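Subject: A structure for you to explore

Hi there,

Here is the structure I promised to hand over. Have a look at it first, and then read my notes below.

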Amino acid sequence: MAGSRTYRTKAIVLDKTKLKETDLILTLVDQTGRQVRAVAKGARKPGSRLAARCELCCEVDLLLAHGRSLDIVSQAELVAAPLGSQPSYELLMSAIAVAEVARHCTYEDAEDPFVFAITRAVLAQLASLDAPHLDLIVAAYVFKLLSHIGTCPIAPPAWRVRTRRQRISPRMRAVCSARAAPRVWPVARHSSSANPLGWRVLSP
């Protein structure tokens with residue numbers, strides 16, 4: 001309906017910020033790959049139905065209302081909770097790393113469905129992996145996503161350490177397939193104060 005104040009979308013919760021005493025500001029990536037920031041009113045109240053649906057990395061089906069600066073969560077239905085009810089410390093830290101990278105690689109005025117698809121796929125696999133493979137899949141996710149948006153992390157040569165080649169399961173290989181995003185070309189260059197992370201935009 002043209003001019004409607006509400007819209008429905010699926011999204012993944014990337015971050016939560018406290019607002020007043022009972023509200024939360026949610027940072028989401030929706031199914032179009034666009035970053036959405038919305039207020040979940042009453043989400044911090046004891047027994048609130050929104051509380052369990054606004055946990056980090058959960059996939060939710062949302063009914064949002066357009067606001068002046070932030071959208072308002074009118075309705076939320078849980079689609080998937082990949083971390084489960086009691087995630088381990090290693091699993092939680094890996095999921096937070098994925099969410100943080102996704103948050104920095106999405107924008108409110110730019111759509112990119114690839115970001116939503118790869119983030120959902122990686123989060124769905126994390127709970128089934130052991131600690132060494134958690135680090136591996138998170139690293140693969142970071143490089144895939146950064147290369148997709150046209151940036152490349154650059155580390156000084158001293159940081160490069162050769163390690164024994166690890167076996168990768170077919171399920172992980174499917175998530176981290178080379179066809180999921182363009183290849184990252186490693187470049188050795190020291191970071192500087194103007195570019196502390198050592199990122200460089202790659203030419204198309």
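A word you will need at once is "buried": a residue is buried under 20% relative accessible area, exposed over 50% and partly exposed in between, using a 1.4 Å probe and protein chains only. Of the 204 residues in this protein chain, 38% count as buried. Please keep in mind that this is a predicted model, where local features need pLDDT of at least 70, side-chain atom pairs count only at pLDDT 80 or more, and totals for chains, interfaces and linings use all residues. Residues are numbered from 1 along each chain as its sequence is written, and side-chain values use heavy atoms, with hydrogens and water left out.

**The overall layout**

The chain has 4 helices and 7 strands; helices (H or I, at least four residues) and strands (E, at least two) are DSSP runs, numbered from the N terminus. Starting from the N terminus, their order is β-β-β-β-β-α-α-α-β-α-β. Contact means heavy atoms within 4.5 Å. Among contacts between residues at least 6 apart in sequence, 64% join residues at least 24 apart.

Is Glu59 buried or exposed? With a relative accessible area of 7%, Glu59 is buried. You will find Glu59 in strand S4 (residues 59–65). Its side chain makes a polar contact with the side chain of Arg120 at 3.3 Å. A polar contact is a pair of N or O atoms within 3.5 Å; within protein, one must be able to donate a hydrogen and the other to accept it, and residues adjacent in sequence count only if both atoms are side-chain atoms. Leaving out residues up to four places away in sequence, Glu59 also touches others, including Lys10, Glu77 and Phe116.

Now look at Arg53, in the loop between strand S3 (35–40) and S4. Arg53 counts as buried because its relative accessibility is 19%. The side chain of Arg53 reaches the backbone oxygen of Arg49 at 2.5 Å. Beyond its neighbours within four places in sequence, Arg53 is in contact with Val13, Val60, Ala76, Glu77 and Leu78. Arg53 and Val79 are 26 residues apart in sequence, yet 8.8 Å apart in space, C-alpha to C-alpha.

Helix H2 covers residues 113–126. Among its buried residues are Phe114, Ile118, Val122 and Leu126. An α-helix has 3.6 residues a turn, so residues three or four places apart point the same way.

Enjoy exploring!

How values were computed:
Expected span 1.5 Å × (residues − 1).
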